[in-house]
Amino acid sequence: MRLWSARVTGFRRGQGLSFRAHLSNPGLAVYTQLLAIIGPIVLIAGIGFFWARNVSGFRSDFVRELVFYLGGPCLVISSLTGSELSAASLLAMGRNAVIIAALCAMIFALLIRLQGRDLRVLLPPMVFSNSGNMGLPLSLFAFGETGLVLGVAYFVAMTVLHFTFGVVLVSGQFDLLALLRSPFVLAVMFSAAMLGLEWELPALIDNTIRLLGQMTIPLMLLTLGVSLASLKIRDLVTAVVYGGLRVVVGFAIGLALVLLLDLRGAERGVLLIQAAMPSAVFTYLMAEHYERSPETVAGVIVMSTLIAFVCLPFVVWLATA
């Protein structure tokens with residue numbers, strides 16, 4: 001029987017999961033570290049999935065509004081104002097998110113047009129990734145608080161794009177006032193003002209916001225599982241093809257950008273993770289609201305999420321290597 005000893009160091013400020021092991025089989029350490037990062041995502045989303053299938057009373061609309069109006073904005077404020085990262089690093093991550101979204105939009109718009117499909121139906125789930133429900137927890141578990149802050153910067157940029165370009169694409173209309181009223185946009189503006197003026201929140205307010213923000217990631221994962229349990233696939237071929245392309249093309253663009261910009265450390269890892277995320281669940285809600293074949297969008301979301309779960313070990317391994 002082979003003996004091995006290992007020491008796992010927990011989360012520290014600005015650090016992810018550190019796994020130090022002396023093993024006769026070094027591959028075991030890699031798998032254990034990957035399991036520690038990916039496992040909580042699968043387990044908590046699985047609890048949400050099981051709850052939706054077997055337990056009544058999960059109010060998805062209430063939880064979604066709780067995250068959108070309270071928990072999410074508090075997470076943005078606590079992450080950005082409490083970060084030791086420079087504003088330049090956060091802006092660079094946001095810029096990279098915009099670049100990835102723009103390249104995805106161009107590539108998939110061409111593909112959808114060549115197939116004679118409807119851009120307003122298929123383009124949103126191909127452009128907007130699940131950088132919140134899945135991307136933020138993975139960034140946190142892989143790179144600690146530094147990863148969470150960078151993940152939030154990516155998520156905020158994607159959210160702003162969704163409420164501008166995404167709304168225009170699906171509805172054909174643009175409402176600037178609605179964008180400015182978005183809690184996430186207001187949270188970003190507030191955080192930018194605090195950082196620019198070099199102000200600090202009183203300890204009472206800061207601790208309250210931080211505590212409210214901490215509920216966001218578990219609620220996001222539970223809601224992800226509940227959403228997957230309720231979405232149904234109608235067009236399996238479209239769902240598999242576009243779902244797979246969402247993950248593969250997004251990751252390929254992220255990898256190319258990482259190599260081109262020569263990114264290192266948490267910035268490199270978070271960008272790779274976020275770029276490989278599946279379609280955002282919110283694109284289904286938009287499709288349903290504007291009656292843009294929501295069943296087709298649901299299929300793409302479900303399959304891209306399942307494919308992403310399969311690919312996560314490789315993505316996380318490459319991101320943390």
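The largest pocket holds about 1,100 Å³ of space. A pocket here is an open set of points on a 1 Å grid over the protein atoms alone, with protein on both sides within 12 Å along at least five of seven lines; lining residues have an atom within 4 Å of a point. Volume is the space filled by probe spheres set on the points, which are joined across faces, edges and corners. The model is predicted: local features need pLDDT of at least 70, side-chain atom pairs count only at pLDDT 80 or more, and totals for chains, interfaces and linings use all residues. Residues are numbered from 1 along each chain as its sequence is written, and side-chain values use heavy atoms, without hydrogens and water.

The largest pocket is lined by 39 residues, of which R64, F68, F163, F282 and L285 lie closest to its centre. Two or more lining residues come from each of α2 (60-81), α5 (135-171), α6, α7, α9 (216-230) and α12 (282-289). Helices are DSSP runs (H or I, at least four residues), numbered from the N terminus. By class, the pocket lining has 21 nonpolar, 13 polar and 5 charged residues.

One cavity of 30 Å³ or more is counted. In a cavity, a 1.4 Å probe fits but cannot get out. The largest cavity holds about 40 Å³. Its lining includes R120, V121, T283 and M286. Both α4 (119-127) and α12 give two or more residues to this lining. The most, 4 residues, come from α4. The cavity lining divides into 7 nonpolar, 1 polar and 2 charged residues.

Notes:
Nonpolar A, V, L, I, M, F, W, Y, C, P; charged D, E, K, R; others polar.
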